[in-house]
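Please look over the protein chain shown here.

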Amino acid sequence: MNKEMSETLTQTNVGTRMGNLMRRYWVPALMSSEIADADGPQVRVGLLGEKLLAFRDSDGKARLIDEFCSHRGVSLYFGRNEENGIRCAYHGVKFDGDGKCVDVPSSPQACARMHIKAYPCVERGGIVWAYMGPADKQPEPPELEWCNLPENHVFVSKRIQYSNYLQAMEGGIDTSHVSFVHSYEVDGDPMHQGVKALDYIKADGNVIFEIEKNPFGLTLFGRRNGEPDSYYWRVTQWLFPWFTLIPPFGHHALGGHIWVPIDDHSCMAWSMNWHPDKPLSAEERSAMVAGKGIHVEYEAPGSFVPKANRDNDYLMDRVAQKDKRAYSGIFGFAAQDYSLQESMGPIQNHEAEQLLPTDKAIVMARRMLHEAALGLEQGTEPPALNAIEQRVRAAGVLLDRSVDPVEWAQKNLSDGLDQPLFSI
């Protein structure tokens, strides 16, 4: 990856190629619970290099506007959320949820020139999603499976990661690392216990990949040795531009991630688990709240900063590493990943990396993002704007060694969410 490609993929601020591309999709902005009450406290939101403010108006509708007052640049975080708008605490200038200035007490005639930007929002799956692109290009709202399930079927969390979104997302695409960094902890994690697939993952670190490019992104087929006459295939889905779906483990809940830039040096990593056909059990939900599986324990309630973080070396335990209780000395699947991804620096040096055959999916995802960003600049519409294309699942399956996994997937995973669950 040369300098131009690296800069194109990692820069997402207003006016950048990747920033323009990402603004064509619905962007996860914040959890609905962060603005639970009408006329409740407003919340700062960082998205794609922009500083924004979220609030729930008097009618209960989620709103997202520029954080700063157009008068003197004061943060509206310190303003008053009342009567379907935010009133600046400095001089009383008021804005509604569409960013329109509706009152300038000292100079009413100035309202027409005082508007600020605002973005339309929808709520799906416990998340407030924002559309930040051209108004005439707004796509249909998200259709990911967990977005449309009953609330008690789904658990969603998020955390701040201090790295560029790209290297974080590539960790979600790369399934070969599971045989290493997570290998000593999976047996004890309540979200992975009693699953035959773990034996195959721990026994075979030499993953062979096949990749299929689809209208929605990429399907990744990771092959490991299974039984003497079979291979174990982990079928991971990467949905353009930032979703990953994790192959399920046995009877446990399905899982996935979204990797959303806050700015070029940090991102919000969203994690979700769900059951398509039943509520999460009390035990499952309790484990997720406690930060088990793909979720984290927070440094402080509401901070979204993980308790294990760069300031405390991720609570690394060298004794546990030596005793083979934690492969890297760090506990927790998420922490094991983000500790290594943050160690690359805010933006890794892509020109210096030496890629391996197991990085094929990462290379293809980079190319797809790069081509879409350059294509948009030339007037070509981006891929995967049709929300129906998001209705796919990941899978974990044992197949006879003679079976082509791509043909198997085309036959068994082609009906979207009408397919049976494939998990071992």
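In which hand, left-handed or right-handed, does H3 pass H8 in their crossing? The crossing of H3 with H8 is right-handed; a crossing counts as left-handed if the near helix is turned anticlockwise from the far one by less than a right angle, and as right-handed if clockwise. The model is predicted, with pLDDT of at least 70 needed for local features and 80 or more for side-chain atom pairs, while totals for chains, interfaces and linings use all residues. Residues are numbered from 1 along each chain as its sequence is written, and side-chain values use heavy atoms, without hydrogens and water.

**Helix packing**

Two packed helices are described by the angle between their axes and the distance between the axes. Axes are lines fitted to C-alpha atoms, for helices over the stretch in contact, and angles run from 0 to 180 degrees between N-to-C directions. Helices (H or I, at least four residues) and strands (E, at least two) are DSSP runs, numbered from the N terminus.

| Pair | Crossing angle | Axis distance |
|---|---|---|
| H3 (residues 165-173) and H8 (residues 360-377) | roughly 135° | within 10 Å |
| H1 (residues 3-10) and H8 | about 80° | 10 Å |

The angle of roughly 135° between H3 and H8 makes H3 oblique to H8. For H1 and H8, the angle of about 80° makes H1 roughly perpendicular to H8. Angles under 35 degrees count as roughly parallel, over 145 as roughly antiparallel, 65 to 115 as roughly perpendicular and the rest as oblique.

Contact means heavy atoms within 4.5 Å. On the H3 side, Tyr165, Leu166, Met169, Glu170 and Ile173 touch Ala361, Ile362, Ala365, Arg366 and Leu369 of H8. This contact has eight nonpolar, no polar and two charged residues. Ala, Val, Leu, Ile, Met, Phe, Trp, Tyr, Cys and Pro count as nonpolar, Asp, Glu, Lys and Arg as charged, and the others, Gly among them, as polar.

From H1, Glu4, Met5, Thr8 and Leu9 meet H8 residues including Arg366, Leu369 and His370.

**Domains**

An automatic or database assignment sets the domain bounds, giving domain 1 (26-131) and domain 2 (145-413). Their centres, taken over C-alpha atoms, are 33 Å apart.

**Backbone details**

The peptide bond from Phe240 to Pro241 is cis, with omega near 0°. Pro241 sits in the loop between strand S15 (230-239) and strand S16 (243-246). Asn84 is not a glycine, yet has a positive phi of about 60°.
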